[in-house]
Structures are given as C-alpha cells and as structure tokens.
Amino acid sequence: MPEFSLTAEQESLRDLARKFARTEMAPKAAECDKSARFPEEIYRKAWELGLMNLNVPTEYGGSGLGALDQCLIVEELAYACGGMTTSIIANCLALEPILLGGSPAQKSRWLTPFCSEYHLASFCLTEPGGGSDAAGLKTRARKDSEEYVLSGEKCFITNGPHASLFTVFATLDPSLRSKGVAAFIVPGDAPGIVRGKDEDKMGHRASSTSTIRLEEVRVSRDQRLGGEHDGFSIAMRTLDQTRTPIGALATGIAQAALDLAARYSLERKTFGKPISEHQAIQIKLANMVQAVRAARLLTWHAAWTIDRGQPGTLESSIAKCYASDAALRVADEAIQIFGGYGYMRDYPVEKLMRDAKLTQIYEGSNEIQRIVTARELLRQYG
Amino acid sequence: MEIVVLIKPVPESETRLRASPDGRRLDSEGVRFVLAGYDESAVEQALLLKENVPGSKVHAISFGPARCGEALRAAIALGADAATWIEAPPEGSDDPILAARALASALSSIPYDLLLGGKHAGDDEEGIVVGAVAELLGIPSFGSVTDVRPAGPSGLAFQRPTEAGIESWETSLPCAIGLQQAWNDPRTAKLPNILRSRKAPIAKVDWPTVAKALGSESSPRSLSEEFRLPAPRSGAKMIEFQTPEEAAEKLVRLLREEAKVFP
C-alpha cells in the first residue's frame, strides 16, 4: 500500500521551512517583487539555517537531504515567494554536476569551502542560441597543454550577478554534438568572467538573472568534471535530479493561489451572498484543488522514485510539467475569482501568475518535458 | 550551571480543535503538538545563560504522554544537551499537581541549579506547575519573568514587567523561574540540528516507576469534567459611510434598534 503520511523528521523539516517562509520571506515578497530587489539578507539567513545547499551531503557541509525532503522544503518556501525560492535553490542545481561528476578530491576542494560560508553558485548551460538543445551549445573549450580555455556566452543564469562559483558546460568539438560537451568548475573571480546586467523579468523578480560571458577563461584539468565527453550526460542527469523540486516550487505557488482565492470567496459578496455560494466559483475552486493535489502527489511520487535510487526521468518530467501547468492555471483562476482586484498589483494574486509562468519555461521547458515524457513512455512499449 | 527546562507539548496554533469522544478533553487524534511559545522563550533563556556561564548544561524535561518526545526533540534541536520524558498515567492526567509531583520526584536524581519554564502552559494557561515543583523541592519561585542574567558569584538577576513598571530582582540558586513569552526572540533551530535531534537519545521514566516513587500521591486529585468549544460568534456588521458623521449616526441607530444597548 502507498503511504502518504510524513515521518516526524519530515514534518519538522517542513515546519522549519514554513516558519522561515512565513516570517522571513512572505513579509518582503511584495516589496522585492515591486522593486526587483535581490534580498541578500534573506538568502544569507536561509544559508545559516541550512535551507540552501539541501542536496549536498553533510560530509561536504550541506544538508544531505533526499529528493522528497527537498520537495517538502521547496513547496513551503515557494508558498511565500517563488522568486526567492528560485535563488535559494539555485545552488542545488549548480552544485549537482559536482556531486554527480566530481571525484572525491574535487568535491572536498570545491564543495567544502563553498558550503562552509554563505556563497551562491550558478549553473551555466543555456545560451542565447538555445537552451533545450543542449547538445548544440556554442561555448567552446579549447585545450591548451594542461589547461582548457573557455569562450562563449551563457544566458538566463540564475544568481549570475552574485555567484562565486559556476558550473559551465562547453564543447570541445561541436561536430560531436552531445559527445563533444565537457563540464567545468569555474570560480567566480576567474579572469575573463564578464557578468551581464540584471535582467528585468516578468516574475521571480526577487531572484537575479544575467548573462555570463566567458572571455578566454583558463581552467586547469582538475576543474573538469568527469571525462571530456561526459558533460552532456552530467547536465542531463543533473536535470533529472533538479526537475522534481521545480514541481514542488510550482505546487507551492498553486497552493498559495488556492488559499487566497478560497478565503476571498468566503468574504466577497455579490448578489447578496458570499461568492463561495455561487456554483460558478465552487466549480473553479474544485478544479483548482484537484490540480494542486495532483501536482503535489505527482511531485512526491517522482521524489519517492528518485529516493529509491531510480533515475526517475519519466516521473520527474511528468511532475515538473504537470505541476507548472497547474500552477499557471490555478493562479489564473485565482485572479478570476478576485475579479478586478486580482488584476491590481496591490493584491498578491497577479504576482503568483507571473511567478508561475516561469516554472513552465525553466529547468527544461514544458515542451521538452513532453518530448522526454513521450520518449520514456514509448520506450516501455518498444 | 545545571539548567532544567520544564516543557509541555501544546497543539500547534493552526489546529482545528474539537472535543474527545468522551467529551472530557481536547481530542488529540490527528493533532500536531509543538513546543509552546512560552516554553520556547524558556529554552531560549536557558541557552542564553548556557552561553554566558561556561560549563553550563541544559536539560529539557517533560511530563505527559508520548507526544512529549516531539517537544523534547524540538528543545534538543534548539540546543538542549539532554532530554527526559516522564511518562503520565496511561489514562491521561489533567492534574497539574500530579505533574508537579512527578517532575519533582524525577528531579531528585537529576542535578539542577535553576528550573525554568513558561510562566504558564500555552494551552490551558494554568500556570501552576513551575511554582508547585518549586514548592515541593523547597526552593523559591518567581513568575512572569524576563531577562535572567548571572549576578555575583552564584546568583541571578532578572526583571519582572508589571502594570506599574519594571521590577528588578536578584536571587540565589537554586530557584525556579516562569518566563514571559517572546521577549527574547527565540532562535530557530537549524536544519542539521533538527536532523541530529531525531537521533538524540531521550531518557524515559515510565509511569510504573513514577507511580511507585509517588506512592499514595500517584492518583490525580482533579479531573476535567467537560471540554467544549466556545459558541460560534455571530457575524460582524460593516457600516458603509461617506463621512464620520454618517458612520456615527448609523452606529448609534444600530446600537439602539438592533443591539438594543440603550433605549
């Protein structure tokens, strides 16, 4: 029989995230959204409490959590602010290539000092010419005796303006497509790193995003993760691990939208009664809660699959794709329930729709998720 | 300094309360119990003193059913060095004096210089246990206290805010102190400490042992007869108005005609 209850340990982790989200993040969410402020004081505090490097094993100074534990935390954080959550969990994405492809020596050298203080890292895969076509990336790695020289441009890099460590994917030979890609660890102060301006985004405005240009950045051989042909596989396996928390992030946004809409429907009166008594609103709320619950269960199932040591490619693609579509739909309906007020920036619901939108795009667009889902599905019949 | 903090698990604040099937108590089925805000302030005070007085230890103790374990783990995650669960009788107990006797009896084999607790429990707000334990142990006790600090070679100074002003006190040890809530901004347990607290040992004194030690004092002397929720309040009425004069006029009319508070 499936077991849907959480352990006491998981409940205490969720309590911690909930307390942090509601006391530290939520009060500043609207202000940071409005002014596109990157609230470093909140990120610092998240690091102090152990809410930042969730996937890094404790021996390297992280929190050493499994996928389901991470998802419980991420949903709570996103309930308060999707953008802050993106910046808080960006380290998990950026450090995962080191966890998957790094030697024990590389892990101790790069992860231990990084996790022992407040630091941000960025995952540099996407390029102006394309994100989902990772095998066709243009950033070059040129071999120069014992070193590699990296040149190219990465874009939409979360925490790019603030990161002190980058994991960078570059090709040694574009004609080899995916087999030509290698992964590198690049310190933030490496000569030749040029950070672009902070992008002005539709949502996730408390998070900061920029281009990262690599101008003849020299890295030594021991900064390469895995072999010269392993970069693409490291990138894909990284995304297998980090897609599921995006499902949790989207679920948190959707739950927030549902809660706001349901409470408002009990207060707002039209035609002499609360709008919650109109069937038109009840049907909306019913559809919304169905979507939120399904998103959460798919996310938990994907996390459970990964925690059992399976790749979970199909499960995490389904979860990320479904939950992010659900988040946008639920936020949209929440605005509809709020009516004209929902469209006003003084009310919190329109932010949820803007924040939800990104979850359909980043960490593999939902179109790519559907391709992955179909491929994994058809494999079972072939 | 050996600091003992007395804690009690209480329903978390968002709980939807209901009566138990026998109608005597709060139904604990499906309810999450947490460390009360007053007790969090007491743990925080204990940790501040520990940080100030080298060699100090903080020992959290709770009397009650198995759910005490969760509150004790919360105290360990915050920084308590040890935890002991004193088991309540299997049929439960509503008697604060029985709780005090059980705790005082356990303290005969646990070293203490200072007993701390919330000034009252976060649920029933009786505020009896800390004072009663002190009385049973023959040590002085103080309630509604804030800001306890070391004073002199072996004493403590603390404050007590009252309606008239703030009292400053000094006391020798051992003593017992009930603390106000939230004046010291209790810290949040860090994630690694929460994980460690799950594996920390919790000493248990089972009920038969407690009952044997208490002898004829082991039966509760009071029993809750009935637990019911307050009657739901009738809805508020919002007055719509353009000017303050109009609001006042409408309010007076409602008070006179509907609420009938004056003729």
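Trp85(B) stands opposite Lys204(B), a residue of strand 11 of chain B. Strand 11 is joined by three bridges to strand 5 (residues 82-87) of chain B, and the two strands run parallel. Helices and strands are DSSP runs numbered from the N terminus, with at least four residues (H or I) for a helix and at least two (E) for a strand. Two strands are taken to pair if DSSP finds at least two bridges between them.

The model is predicted; local features need pLDDT of at least 70 and side-chain atom pairs count only at pLDDT 80 or more, whereas totals for chains, interfaces and linings use all residues. Residues are numbered from 1 along each chain as its sequence is written, chains are lettered from A and ligands numbered from 1 in the order in which they are written, and side-chain values use heavy atoms, with hydrogens and water left out.

Chain B contains an open sheet of nine strands in the order 9-8-7-10-6-1-4-5-11, with mixed pairing. Strand 9 (166-172) and strand 11 (203-205) of chain B are its edge strands, each pairing on one side only. On average, neighbouring strands of this sheet are turned by 30 degrees against each other, direction ignored. Axes are lines fitted to C-alpha atoms, for helices over the stretch in contact, and angles run from 0 to 180 degrees between N-to-C directions.

Two helices of chain B are described against this sheet. Helix 2 (residues 68-78) of chain B lies across strand 4 (57-64) and strand 5, at about 165 degrees to strand 4. Helix 6 (residues 207-214) of chain B lies across strand 4, strand 5 and strand 11, and runs at about 75 degrees to strand 5. Contact means heavy atoms within 4.5 Å.

Chain B is divided into domain 1 (2-218) and domain 2 (233-263), with bounds from an automatic or database domain assignment. The centres of these two domains of chain B, taken over C-alpha atoms, are separated by 47 Å.

Between the chains, 12 residues from chain B and 17 residues from chain A take part in the contact. Chain B and chain A bury about 1300 Å², 57% of it on carbon and sulfur atoms; buried area is the accessible area (1.4 Å probe) that two parts lose on being put together, summed over both. Three salt bridges are found across this interface, a salt bridge being a side-chain nitrogen of Lys or Arg within 4 Å of a carboxyl oxygen of Asp or Glu. Asp15(A) forms a salt bridge with Arg32(B), their closest N and O atoms being 2.8 Å apart. Helix 5 (residues 191-199) of chain B gives five residues, the largest share of the side of chain B that touches chain A.

In chain A, the assignment gives domain 1 (8-115), domain 2 (121-229) and domain 3 (233-379). The centres of domain 1 and domain 2 of chain A, taken over C-alpha atoms, are 22 Å apart, and 28 residues of domain 1 are in contact with 22 residues of domain 2. About 2000 Å² is buried between these two domains of chain A, with carbon and sulfur atoms giving 64%. Phe38(A), Gln106(A) and Trp110(A) supply 27% of the area that domain 1 of chain A buries against domain 2 of chain A, more than any other three residues. One salt bridge is found across this domain interface. Asp222(A) forms a salt bridge with Arg109(A), the closest N and O atoms being 3.4 Å apart.
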